[in-house]
Amino acid sequence: MAAESDAAREAEPDPDLAREAIEYCYDHDWTDGLPVVPASREIVDRFLAATDRSADQVLWRMDHLGRECTVQTAAINAAMAGCRPEYFPIVLAAWDAVMRDRAAKGGGWQSTSGPAPLIVINGPIRNELAINCTGGIFAGGFRPNATIPRALGLMLRNAFGVVPHVFDQTTQGIPGRWAICFGENEEESPWEPLATEMGLEPDTDGVSVTLTRTYEFVDNRHTQDPEQVLWDFADTISRTGVMIFRSQSAGIVFCPEHAQMLAAGGYSKQDVKDWLIEHVGRPESALRRAGKDGVAQGGAGVRSASEAERVPADEFSRFLPGRESVPIIVAGARNAGISMVFRVFGEWSNTSVAIERRPSPVAAVGAGQGGEG
Amino acid sequence: MSAIMDPTGQSSRQVADGLALAERRPGLSGATVGLLENGKQNARLFLEEVAGVLRERYGVGDVTLRRKEIFSAPAPPELVDQMSAESDVVVIGVGDCGSCSAAAIADGVLFERHGTPAAVICSDAFKATADAMAQVQDAPGYHYITTAHPVAGLSPEQVRGRAEQVAAEVAGVLAAAASRQAA
């Protein structure tokens with residue numbers, strides 16, 4: 001009896017020690033404001049065992065900041081973010097995916113825009129790791145969804161030194177900057193998965209990431225006409241506040257109800273994109289009223305107030321330049337017609353990255369941890 | 001008891017010896033000036049106006065304008081070589097955003113290390129990131145010139161006014177004893 005309770009007491013972690021270790025990380029300025037999980041050599045080795053990449057491989061180098069991040073440094077930050085070792089291949093693939101974004105390679109992380117990565121996961125790994133794809137995809141409550149994007153944020157902060165108020169010059173940023181990650185609801189989507197659309201083999205584990213600036217809901221549940229729903233999206237996408245350049249890119253995370261209604265009305269994903277490209281925009285007078293009717297020659301065409309009327313006031317300006325500027329994803333619960341419009345920061349690479357898993361050692365680590373799920 | 005691992009990858013970082021500025025000419029009279037603009041709104045006009053004042057008051061010679069294609073990154077080595085070859089001094093700007101302010105400081109340091117005196121103009125809203133970049137470039141305390149934020153929305157007349165305000169400091173940074181030329 002006494003021996004048994006001693007053993008039980010021994011197995012219980014010491015909260016004071018845990019707190020002390022967490023405070024140590026705060027003292028070293030290694031956190032995003034929330035507590036991190038201090039990383040030991042042993043746990044980092046378990047992360048490294050989940051990938052075939054070598055610990056000292058350089059994932060990325062930011063020459064202008066004189067900093068780099070190796071696989072091992074990524075593993076330390078992923079562990080600190082609260083990831084489990086089996087999430088690590090997703091963290092690595094997500095990093096590769098976001099760094100395909102031209103803005104991320106340039107100064108995007110230092111930008112006053114303060115863009116947030118949007119991480120979308122496809123394939124069987126979603127269900128194996130209990131990644132949320134349905135109710136509350138933007139609302140938190142699920143460990144992989146919360147910790148994978150946080151790992152990227154910690155890598156940026158700790159490995160590259162992009163810290164708020166210093167190299168991170170975000171003016172306001174967006175809520176949940178390092179918390180936007182979910183699986184596509186492939187089971188309830190009428191269309192092919194995003195990663196398949198982007199060229200990966202069907203049923204491949206894949207991750208797609210783009211930088212985003214904001215998220216706006218469209219709540220429309222009381223019409224049977226798919227075109228009315230599309231007009232509702234077009235209105236939200238067409239606001240002038242986002243028009244800093246000649247054209248813009250906007251995506252939609254459709255709830256299953258909207259996606260299924262559109263599909264039943266005969267719309268493929270590409271049809272939806274084409275409809276939006278045709279109808280999203282404003283008459284020139286709206287841009288002029290907002291001081292955005294001038295378009296700079298060359299480059300992305302920065303908008304500004306122009307002195308003279310450039311084009312007739314009633315001429316319609318289309319905002320979306322092509323299908324690659326309208327990413328479409330299906331996720332969320334099939335319980336209401338509520339979808340989300342998101343704004344792409346710059347241009348999405350329109351690619352997905354395959355998640356490279358090492359099945360055996362990861363499975364062994366998972367089993368060793370008592371099969372928590 | 002195991003150690004808490006460091007997430008920065010910084011433990012083995014080498015630190016260089018700081019920045020030795022390029023040698024200054026005694027004055028700016030006849031000096032050729034390179035302008036490195038970053039493509040930001042009003043940057044080109046701002047630099048051209050500064051050059052105009054330098055010509056008028058300090059007697060600088062030919063002025064050559066070059067544009068940096070990627071505002072968020074330091075200038076490519078070929079561009080630094082080219083501008084150093086064609087100009088005695090360079091003026092860089094205008095740092096007016098998160099990444100381009102830091103990159104402008106990196107450019108200034110690059111030119112100094114290349115032996116070409118440089119003056120960097122940056123909006124005062126980005127001092128923290130500019131100073132941090134100077135640290136990263138092993139040039140802590142690097143002196144640059146600030147102008148009030150914002151720059152992008154100014155009218156041409158306002159830009160001219162700003163150029164007037166900073167010109168003397170630009171001249172002071174570029175030459176050892178830049179003095180107003182007798183009219």
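This note goes through the fold of chain B in a predicted model, moving from its overall dimensions to its sheet.

1. Elements and their order. Chain B contains five helices and five strands, and along the sequence these elements follow the pattern β-α-β-α-β-α-β-α-β-α. For the 183 residues of chain B the globule rule gives 16 Å, and because the radius of gyration is 17 Å, close to that value, chain B is as compact as a globular protein of that length.

2. Extent and burial. Taken along the principal axes, the box filled by the C-alpha atoms of chain B is roughly 75 × 35 × 25 Å. Of the 183 residues in chain B, 48% are buried, where buried means that 20 or more other C-beta atoms lie within 10 Å of the residue's own.

3. Contacts along the chain. When the contacts in chain B between residues at least 6 apart in sequence are considered, 80% of them join residues at least 24 apart.

4. The sheet. The five strands of an open sheet in chain B are arranged in the order β2-β1-β3-β4-β5, and their pairing is parallel. At the edges of this sheet stand β2 (63–67) and β5 (145–147) of chain B, each of which has a single partner strand, so one side of each is left without a neighbour in the sheet. Neighbouring strands of the sheet are turned against each other by 20° on average, with direction ignored.

5. The pairing of β1 with β2. Strand β1 of chain B, which covers residues 33–37, runs parallel to β2(B) and is joined to it by five bridges; within this pairing, Val33(B) stands opposite Val63(B) in β2(B).

How values were computed: Residues are numbered from 1 along each chain as its sequence is written. Chains are lettered from A and ligands numbered from 1 in the order in which they are written. This is a predicted model: local features need pLDDT of at least 70, side-chain atom pairs count only at pLDDT 80 or more; totals for chains, interfaces and linings use all residues. Helices (H or I, at least four residues) and strands (E, at least two) are DSSP runs, numbered from the N terminus. The radius of gyration is taken over C-alpha atoms; the globule rule is 2.2 Å times the number of residues to the power 0.38. A residue is buried if 20 or more other C-beta atoms lie within 10 Å of its own, exposed if 12 or fewer, and partly exposed in between; C-beta atoms are placed from the backbone. Two residues are in contact if their C-beta atoms, placed from the backbone, lie within 7 Å. Two strands pair if DSSP finds at least two bridges between them. Axes are lines fitted to C-alpha atoms, for helices over the stretch in contact, and angles run from 0 to 180 degrees between N-to-C directions.
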